[in-house]
Amino acid sequence: MTPEEERLVHDELNMSREQLLMVILGLRRRSAEQECWRNENSRAITAMAKDYQTLKAEAAALREENARLKAALAHVSEIRQLRTNEIFGRGTEKLSDIVDAPLSSEETDEAEKEPAAIIDFSDAAGKKRAGTGRRSAEGGKKRKSRKKQGKREEDFSGLSQKDVFLLDIEALDEQYGEGNWRIAFWHVHSVLEEIPQSAYVRNTYTPVISVGLEHTMVTVPYEAPLLQRSFASPSIAARIMYQKYVLSLPLYRQEMLFSDLGVSLSRQTMCSWILRFSSVYFGPIYEYLYEKLMEVPYHQCDETTLSVNKDGRGAGTKSYLWLHSTSELSGAAPIIMFCFELTRETEHLRKFYEDFRGYISCDAYCSYQVFAKEKEDAVLICGCMMHMRRRYVTSLSLIDRSAMDEDAIAALPETKALVLIGKIYDADEPLKTLPAEERRTRREEEVRPLVEDYFQYIESLDTGDPLMSERLKDAVNYSKNQKEYLCRFLSDGHIPCDNGFAERNIRPISLLRKNSLFCDSIGGAKATAVMYSMVETARANGANAYWYLRYVLETMPRDAGYLDNSFLETMMPWSENYREYEKQRTSKGPPELGLNEYPERPKTPRKTKSLSDAAGEAKKSA
């Protein structure tokens, strides 16, 4: 104890009673104050604990909200990037076009082969037409025709021809002297001329006959009118349909076009023609196409949206056009049918494929799988590798590769998957020209190992990895879930590996949505489905869509009175009747232009005595 402490203790021991009481009172006051401080401190600690828990909960909620907002922002950014790519990017799924720089890994070198050499059409036309070769001024020998000239001859081979001989005998006599020149050969200068679109009125007179002594008046009927008491003709109706359903030209623009030609033809009139003709003349052909389609056991399907104003539902409700076609490898004549439906429900498949037995190639839309399960003993669904590949392309396009080198890009899972898919396509594409059975055998030998390599690789990817993007997870899970359908093409040579044929044939509907925006009524939507079935089937069979529409409109009115539908086979775009019709129409131009009527080639004028001959005779006589 220090001296100071000893002194304090000594002082306390020597305190009086009063002093001790004062000390005790002071200690009690201090104790009461400290108790108040402890209570306040306890309340403060309790409040702080409550505030802490509240702030902790708020912080957790903010972190969760921040995570959601980041995910939403990433999703919106992805959508924006995809939209930008859709508008400004290249519409390709080829790996070498997606990646900014060529890849150098061994896998890529093997998979990404050099593109096929550009086909030179200079020799494709066969022998050159006589009189088109050039000769040199000195030796008179033919020089080799340029590749461009050969390609031009091939391009012009299907067009009507008109020969014009440019020869001014008087000017040549004046320049070179009469009798001192002759035609050695002709140079040909070919140019492409256009016949401006025009319209004219054809007046057909039918006689009114007075019969017998009673002079009974009989009117000879006008044969096979397209529409009673109407100025519609097959040519003008076919032109309107061709411009709308092939060139995607809306009726209001066609109204302007006819106005420029001096023809007052309203869009309402054109619309009524399309509605009537699609039902009366093309409707029976549409039904016949359905019968022919059901005879083929290999189909491809797709669907797309279509807006209809007056369909009895609320504004903005989507309707659908379903596409059903023969498989591109079926070996049958291509048939492409469009069907209008208010919804995208499975009920359409149940009605359309009620008695069908075979294979349907399609995307992963659930209605197809539902329908196949309902008819598992009759229908098998085949998957689409194009949709499988497209998911990897989307995932890869959203990765910022600007700071990545070739090796880093090649190491991306998306790139590796696309390389493996590219190998499958490279192996399967050359087999499309083979017979179905040989194609199936070659697929077993060459394509199946590549498909197994692909699925073995994606099975090695861990979709539970938090670092894996959602787009990549979607691509991997799509392949795993659809494996049974995606591999089905390996077992039958009639089945394509993807549904690209259907997607290409449904693309015109996208142009229709951009230009015409909507159909006004359900009747118009059904007419659209019928007419697109006509033009796309015609084009798939190599027919000229305009001449096919005109052929039907010219022929069907005469055949409409038949008791059966046996004549409908001649209405098909692959029929010999139509082929002959198109050949006659395309090989001859309008008669007033004199196309394909070859004039007689001018000859060298009969020689007269030249000055040298006259001088020689004068010298001999002298």
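Accessible areas here are computed by the Shrake-Rupley method with a 1.4 Å probe, and for residues only the protein chains shown count as cover. On this basis the protein exposes about 39,400 Å², of which carbon and sulfur atoms supply 53%. The model is predicted, so local features require pLDDT of at least 70 and side-chain atom pairs pLDDT 80 or more, whereas totals for chains, interfaces and linings use all residues. Residues are numbered from 1 along each chain as its sequence is written, and side-chain values rest on heavy atoms, with hydrogens and water left out.

**Overall architecture**

The secondary structure comprises 23 helices and 8 strands; these are DSSP runs numbered from the N terminus (helices: H or I, at least four residues; strands: E, at least two). Of the 622 residues, 34% count as buried, where buried means under 20% relative accessible area, exposed over 50%, and partly exposed in between (1.4 Å probe, protein chains only). A contact requires heavy atoms within 4.5 Å. Among contacts between residues at least 6 apart in sequence, 68% join residues at least 24 apart.

**Surroundings of Ser479**

Ser479 belongs to helix α17, which spans residues 470-481. With 0% relative accessibility, Ser479 counts as buried. When neighbours within four places in sequence are set aside, Ser479 is in contact with Met388, Tyr392, Tyr454, Phe455, Ile458 and Leu486.

**Aromatic pairs and charges over rings**

The structure holds 21 aromatic pairs. Rings of Phe, Tyr and Trp (its six-membered ring) pair if their centres lie within 6.5 Å; planes under 30 degrees apart count as stacked, over 60 as edge-to-face and the rest as tilted. Two of these pairs involve Tyr353.

| Pair | Centre to centre | Angle between planes | Class |
|---|---|---|---|
| Phe352 and Tyr353 | 5.0 Å | 80 degrees | edge-to-face |
| Tyr353 and Phe371 | 6.1 Å | 35 degrees | tilted |

Tyr353 lies in the loop between α11 (347-352) and β6 (358-361), and Phe371 in helix α12 (residues 366-374), so their pair ties together parts that are 18 residues apart in sequence. Phe352 and Tyr353 are both buried, Tyr353 having a relative accessible area of 0%. Phe371 is also buried, at 2% relative accessibility.

Elsewhere, Tyr242, Tyr546, Trp547, Tyr548, Tyr551, Tyr578 and Tyr581 form one aromatic cluster.

A charge sits over a ring if NZ of Lys or CZ of Arg is within 6 Å of the ring centre and within 35 degrees of the ring normal. The charged end of Arg344 is placed over the ring of Tyr365, 3.7 Å from its centre. Arg389 lies over the face of Tyr425, at 4.6 Å from the ring centre.
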